[in-house]
Amino acid sequence: MIEPTRKDVLMRILEELSEACPEYRFGQMIANLAMLARGDAEGAVWDMEDEELLLAARKHLENWSRRQVPVP
């Protein structure tokens with residue numbers, strides 16, 4: 001069974017991040033989020049918990065949104 005964190009929250013934030021950054025390939029996005037969550041430690045992507053991925057995705061989306069320049 002899929003945990004509620006993954007089903008309801010994590011997948012939604014990954015969708016938002018995918019829409020905000022359409023130039024990212026999905027695997028690239030996950031690898032970047034693993035780096036944000038765990039650094040460049042060997043096995044980071046394998047050992048990352050859903051909650052860590054969620055925090056990294058939220059942080060990345062927040063940082064990306066702050067860098068966007070509004071179109072007049």
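I call a residue buried under 20% relative accessible area, exposed over 50% and partly exposed in between (1.4 Å probe, protein chains only). By that cut-off, 26% of the 72 residues in the protein chain are buried.

Ground rules: this is a predicted model, where local features need pLDDT of at least 70, side-chain atom pairs count only at pLDDT 80 or more, and totals for chains, interfaces and linings use all residues. Residues are numbered from 1 along each chain as its sequence is written, and side-chain values use heavy atoms, with hydrogens and water left out.

Elements next. I took helices (H or I, at least four residues) and strands (E, at least two) as DSSP runs, numbered from the N terminus. The protein chain has four helices and zero strands.

Then I looked up methionine 29, which sits in helix 2 (residues 26-38). Its relative accessible area is 2%, so I log it as buried. With contact meaning heavy atoms within 4.5 Å, and neighbours within four places in sequence set aside, methionine 29 touches Leu14, Leu17, Ser18 and Tyr24. Alanine 57 is 28 residues away in sequence, with 9.0 Å from C-alpha to C-alpha.

Alanine 57 took me to helix 4, where the buried residues are Leu53, Leu54, Ala56, Ala57, His60, Leu61 and Trp64. Seen down the helix 4 axis they fall within an arc of 165° (the arc of the directions from the helix axis to the C-beta atoms), so they line one face of the helix. Leu55 and Arg66 are exposed on the other side of helix 4.
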